[in-house]
Amino acid sequence: MLFKSFSAAVFGIDAYLVEVEVDITAGNANFMTVGLPDAAVRESRERIKSAIKNCGLEFPFQNITVNLAPADVKKEGSGFDLAIALGILGTTGILLKSDLRPFLFLGELSLDGGLRPIKGALSIAGMARQKGIRRMVVPADNAREAAVVEELEVYGLRSLPEVLDLINETREFKPAKVSAAEMLAQASQYSVDFSDVKGQLHAKRAIEVATAGGHNILMIGPPGAGKTMLAKRIPTILPPLTFEEAIQTTKVHSVAGVLEPGLGLVGTRPFRAPHHTISDAGLIGGGVVPRPGEVSLAHNGLLFLDELPEFQRNVLEVLRQPLEDGMVTIARASMSLTFPARFMLAAAMNPCPCGFFNDPSRECTCTPPLIQRYVSKISGPLLDRIDIHIDMPAVKYRELRQDSGGQSSEEIRARVVEARQRQLSRYRGEKIYSNAQMSPRQIAKYCSISPDCERLLENAMTRLGLSARAHDRILKVARTIADLEGTESISTDHISEAIQYRSLDRTYWT
């Protein structure tokens with residue numbers, strides 16, 4: 001006897017429909033799964049057999065063949081358990097319905113028949129709506145996530161018997177209902193604030209400029225200067241996530257399996273801070289079936305690289321493409337996947353291996369060649385993509401004992417949002433959304449400067465030893481500073497401040 005049910009799987013961050021066909025024939029008790037299943041899918045037969053028995057139901061000891069269509073796409077994960085179990089039970093007559101096409105079933109079965117959460121529920125729910133499927137059964141922990149998609153009845157159930165009651169209509173279940181706007185508002189709460197940071201006014205100003213223009217930033221200072229503390233608070237002054245950005249971010253986190261159970265939407269800007277021992281596949285993404293890496297998990301948020309020179313050279317070099325394109329393409333012999341990776345980069349480093357070069361209170365023990373080798377670990381092409389470099393001296397005792405750290409994140413964010421709105425208006429139709437993304441042609445168009453600014457910039461290039469690549473970066477940052485002040489013209493004050501944010505282009509370590 002043949003019975004069909006429907007499930008789904010994810011490919012990258014998108015989903016595709018899987019038709020589960022179960023055929024039972026007389027003979028020895030063999031259980032075979034075909035359709036390119038991976039090890040987790042093949043092992044499902046043992047989970048399904050125990051779950052059905054432990055729910056007090058009869059498991060048919062006959063030849064069972066399960067086909068997962070389309071058969072030419074590799075299936076992975078344990079989310080097919082529920083659909084396969086229902087196909088087996090459908091052949092035995094336990095289900096009162098012979099047509100399950102209105103339903104999509106997802107869930108991993110535990111040995112006692114419970115339903116465990118799966119990855120990618122939001123992506124699958126979006127695909128189900130596009131395919132015209134209007135009812136979806138998921139584990140209870142995935143219900144809020146899937147229910148974000150409108151025009152879809154999502155039933156979050158906890159066990160196989162509950163699913164049988166739903167299909168046979170022996171119990172009444174209400175679909176999960178969520179308000180996406182309320183969920184986003186509840187989730188968009190940060191536990192840290194810029195007012196927590198004492199001192200470092202220059203660094204705070206530089207970070208405000210960086211977030212206002214979407215510029216990448218590098219902080220240079222001794223241990224304990226507050227570089228990590230400041231980086232953790234950068235997401236709190238970035239513009240709030242829009243609903244579309246929250247959906248994109250949640251999809252990536254759900255597919256990667258890092259979404260918190262019961263959380264429907266990611267409401268805050270992601271903050272990812274991988275350790276410097278991370279591999280290039282961990283940072284960019286990879287695997288036999290590619291998974292999102294840290295740059296994709298930081299999509300619409302912040303990627304923070306602490307101790308930047310300690311990262312392996314090849315790991316830092318693979319950052320260049322996502323910083324430029326806002327996406328990562330991972331190619332394998334059998335497939336090619338693209339993950340979103342539009343993020344702001346914040347990095348931190350010591351000025352030398354011991355960390356105390358130019359520190360007035362501690363002596364540096366590093367030799368000039370050792371310092372030069374340390375700094376040269378960061379390549380020129382990567383520095384080309386970092387617009388702002390700032391020096392952060394150690395915080396003085398008097399500043400540490402202040403009652404307040406200054407302005408709150410909410411106050412700074414208000415100015416950042418206003419500056420971003422000016423940029424969105426200016427670049428309408430240009431396919432960019434911030435000053436950091438300007439091309440040389442757009443710099444010439446939108447960053448025209450007066451003769452006084454020309455002389456100031458020329459003197460800086462000559463006397464301070466600024467590199468040629470610093471020229472465009474200075475103009476981009478000056479444009480952002482002008483946007484923060486609400487002016488269209490770039491003044492000498494804006495150019496002067498932008499020049500201060502190019503530490504690594506000066507003869508800093510001589």
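This short talk walks through one predicted protein model, from the whole chain down to one glutamine.

Some ground rules. The model is predicted, so local features need pLDDT of at least 70 and side-chain atom pairs count only at pLDDT 80 or more, while totals for chains, interfaces and linings use all residues. Residues are numbered from 1 along each chain as its sequence is written, and side-chain values use heavy atoms, with hydrogens and water left out.

First, the whole chain. The protein chain has 22 helices and 18 strands. Helices (H or I, at least four residues) and strands (E, at least two) are DSSP runs, numbered from the N terminus. The C-alpha trace spans about 90 × 50 × 45 Å along its principal axes. Of the 510 residues, 52% count as buried. Buried means under 20% relative accessible area, exposed over 50%, and partly exposed in between, with a 1.4 Å probe and protein chains only. Now contacts, meaning heavy atoms within 4.5 Å. Take those with a separation of 6 or more: residues 24 or more positions apart account for 74% of them.

Next, a sheet. Four strands form an open sheet in the order S1-S2-S4-S3, with mixed pairing. Its edge strands are S1 (2–11) and S3 (31–34), and each pairs on one side only. Two strands pair if DSSP finds at least two bridges between them. S2 (residues 14–25) and S4 (residues 63–69) pair in the antiparallel sense, over seven bridges. Glutamate 19 stands opposite alanine 69 in S4.

Now two helices. Two packed helices are described by the angle between their axes and the distance between the axes. Here, H8 (residues 201–213) packs with H18 at an angle of about 35 degrees, and the axes are 8 Å apart. Axes are lines fitted to C-alpha atoms, for helices over the stretch in contact, and angles run from 0 to 180 degrees between N-to-C directions. From H8, the contact uses Glu208, Thr211, Ala212 and Gly213. From H18, the residues include Ile412, Arg415 and Gln423.

Let's stop at that glutamine. Where does glutamine 423 sit? Its place is in helix H18, residues 409–426. Is glutamine 423 buried or exposed? Glutamine 423 is buried, because its relative accessible area is 0%. What does its side chain reach? The side chain reaches the backbone oxygen of alanine 212, at 2.7 Å. Leaving out residues up to four places away in sequence, glutamine 423 touches Ala212, Gly213, Tyr433, Ser434, Asn435 and Asp483.

Note on methods: A polar contact is a pair of N or O atoms within 3.5 Å; within protein, one must be able to donate a hydrogen and the other to accept it, and residues adjacent in sequence count only if both atoms are side-chain atoms.
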